[in-house]
Amino acid sequence: MRRARGTARRLGEPSRPPARAPYRVEEAATVDAVPPEIWQALTPTDDPLWSQGVFAAMERGRLGPEGYRYLLLRRDGEVVAVLPLCLFPGLRLDDVVGPRERRRLRPLRALCPRLLRVPMLFCGHLLGRGHIAAGGALPAEAVRPLVSAVGDVATRAKLGTVVFKDFGDEELGWLRPELERAGYFFTPSMPDTELRLGYDSFEAYVRALPAKPRRNARSKLRKFEAWPGTRIEIIEDFAPLVPAVLALYEQVMDRADQTLDRLDASFLAALAVSAEPRRALVAAFEGDRLVAFLLCLFRGTGATGARIGLDYRIAHQARLYHAVHYGAIRLAIESGCTHIRFAQTAYTPKVELGCGLIAQSYALTHRRPLPRALLRTVLPRALDTALAEALGPHAELLARPAVVPSPAPAPEKRTPYAPS
């Protein structure tokens, strides 16, 4: 009897496992398309900016993008990875470069502002560190359809430039081969700032700082306390303060080097009522007047000082910037966090706080060969210049592990919250 071809095996031959279905990508217009339990399993458990509630609030706000998409990577019907996208059909180039480049572009903006409009697609996270939410490294056969789907979205939306924004070195390690195959090139972006914790109290953290930062911390806290009528409050229900918060935030944004995103009332209102992440406003008051805030988010053992607002009328004299950052560190310690991250700006005061710098990069391409070649030639040099200016003397911290204060070994009794 003849055997049917391909259906029989020799006696003793090990059976072959059935071939798994290939990866396929679906496109969704809202983060609500991902079941919460899957989002929770795939996203970083200690990064509050990757909470599903933050993405839902972004969709409800007007932060800058004209649209959001989510690429859902499936295998055997199961979602195994999610890549968020932000669509910027008319991003202004002079809003995302450094101050020197902005000055050079000013005459061009006056003569022909449309030339500075760059249709762009951002992959990752608009407000935080970039990831493919996957819970771990993906194999090449999974990365390939995701990268291809990104190109398809850019083509349909007529967005020439595509950027994987602020991805860490480890993740780029397994993304790089497929990104290079698709024509992407790589350049450093502004590093993240992170303070490692583990202290029993805020006072223990201050004592562990090197001598000069320790003296500076105590001096700045004394000056804040000495300013008439100032105090720090931790406010979890900050919805009534949204107008005052936005007014202070706009003062900071008016002085910012880069303005890729801009928070608005709709975003803050949606975030204030979301189920996650836990959030709190570290608020500085002068009497009954809000004069500074740091919006803090919490997830697992991680905290983020997401956005800041300052009343520049008294910001320097009253040491408002330092007061709200020290308040956030205190709150993170009392919340049992192992680290707190801050924004990619003002590196000198954050290094003094004890923060280390975490390197991250852009991966960029253009859908057409000539603009891609121009980007590859011009953009890395401009971004390197902006990075060097922003880091100043702290650039060397990216080349070696940062020296951050170590937690004091002896436990210490907690004290009630106060700004000193």
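These notebook entries record what I looked up in a predicted model.

**Conventions.** I number residues from 1 along each chain as its sequence is written. In this predicted model I require pLDDT of at least 70 for local features and 80 or more for side-chain atom pairs, while totals for chains, interfaces and linings use all residues, and side-chain values use heavy atoms, without hydrogens or water.

**Sheet.** I looked up the open sheet of seven strands and found the order β8-β9-β10-β11-β12-β7-β13 with mixed pairing; strands are DSSP E runs of at least two residues, numbered from the N terminus, and two of them pair if DSSP finds at least two bridges between them. β8 (230-235) and β13 (356-358) stand at the edges with a single partner strand each, so one side of each has no neighbour in the sheet. I then noted that β9 (residues 278-286) and β10 (residues 289-299) pair in the antiparallel sense over nine bridges. Within this pairing, A284 stands opposite A292 in β10.

**S189.** I located S189 in the loop between β6 (185-188) and β7 (192-196). S189 is buried, at a relative accessible area of 4% (buried means under 20%, exposed over 50%, partly exposed in between, with a 1.4 Å probe and protein chains only). Beyond its neighbours within four places in sequence, S189 is in contact (heavy atoms within 4.5 Å) with D166, Q360, S361, Y362 and L387.

**Charges over rings.** I checked for NZ of Lys or CZ of Arg within 6 Å of a ring centre and within 35 degrees of the ring normal. R255 lies over the face of Y312, 3.9 Å from the ring centre. The charged end of R278 sits over the ring of F298, at 4.4 Å from its centre.

Key
Helix = DSSP H or I, 4+ residues; strand = E, 2+ residues; numbered from the N terminus.
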